[in-house]
Amino acid sequence: MARVLEGRNRANPSEMASFVDKFEELEKEILREKMSYMERCRRIRKEQSDLLDDAKSQGLPKNVLKAVVKARDLERRAESIMEELEDDAQQVFKDIREALGDFADLPLGAAAVEREETSDDDRTAAIVGAVKSDMSEDEQTAWDAAAPKAEAAAAKVH
């Protein structure tokens, strides 16, 4: 072992050894905590996996469930970002988001939804009905205005 020089602003060898020993003990404690944390995370991941398997057995695809959870998280993040803004900036934020609208507000989206409305699929019709019932009057007007354009575009494709 290297000899430690004693003198001004230096600890003696026994003091240094005690610091090293204490630091090693703390490192071991950190490792124990990490292992405990990882075990708890592993248990939670197993519960999530079991839940996904149950959802799949009920007919809900795993990737759809994960996508819905991710979308909800993104919405919460957007809401949180908006809440951090000052009041006047919040209104501008809301106006911009409203102006951008959803996919169904775009001509291509309106055409896709219109095409799906004419299908015999009950689930699609239920989704379209839910989207329409959640629209404001302005959005409904935009929807109706996009419908003829969507029909004309669909006629050109066929």
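These exercises work through a predicted model of one protein chain.

**Exercise 1. State how many helices and strands the chain has, and give their order.**

Step 1: Count the elements. The chain holds six helices and zero strands.
Step 2: Read along the sequence. The pattern is α-α-α-α-α-α.

**Exercise 2. Find which element has the highest mean pLDDT and which the lowest.**

Step 1: Start with the whole chain. Its average pLDDT is 78. A score of at least 70 is reached by 66% of the residues.
Step 2: Go to the elements. Helix 1 has the highest mean, 95. Helix 4, residues 107–117, has the lowest, 58.

**Exercise 3. Classify leucine 60 as buried, partly exposed or exposed.**

Step 1: Locate the residue. Leucine 60 sits in the loop between helix 1 (13–57) and helix 2 (62–84).
Step 2: Apply the cut-offs. Buried means under 20% relative accessible area, and exposed means over 50%. Leucine 60 has 34% relative accessibility, so it counts as partly exposed.
Step 3: Look at its surroundings. Leu60, Val64 and Val68 make a nonpolar surface patch of about 210 Å².

**Exercise 4. Decide whether glutamine 90 is buried or exposed, and list its contacts.**

Step 1: Locate the residue. Glutamine 90 belongs to helix 3 (residues 87–100).
Step 2: Check its area. The relative accessible area of glutamine 90 is 17%, so the residue is buried.
Step 3: Set aside neighbours within four places in sequence. Glutamine 90 then contacts Met82, Glu83 and Leu85.
Step 4: Turn to the chain. Of its 158 residues, 11% count as buried.

Key
Residues numbered from 1 in each chain as written. Predicted model: local features only at pLDDT ≥ 70, side-chain atom pairs only at ≥ 80, totals over all residues. Heavy atoms only, no water. Patch = residues over 30% accessible without salt bridge, like charges linked within 9 Å, V, L, I, M, F, W, Y side chains within 5 Å. Areas by Shrake-Rupley, 256 points an atom, 1.4 Å probe, with all protein chains shown as cover. Salt bridge = Lys/Arg side-chain N within 4 Å of Asp/Glu carboxyl O. Helix = DSSP H or I, 4+ residues; strand = E, 2+ residues; numbered from the N terminus. Buried < 20%, exposed > 50% of the residue type's maximum accessible area, 1.4 Å probe, protein only. pLDDT = per-residue confidence, 0-100. Contact = heavy atoms within 4.5 Å.
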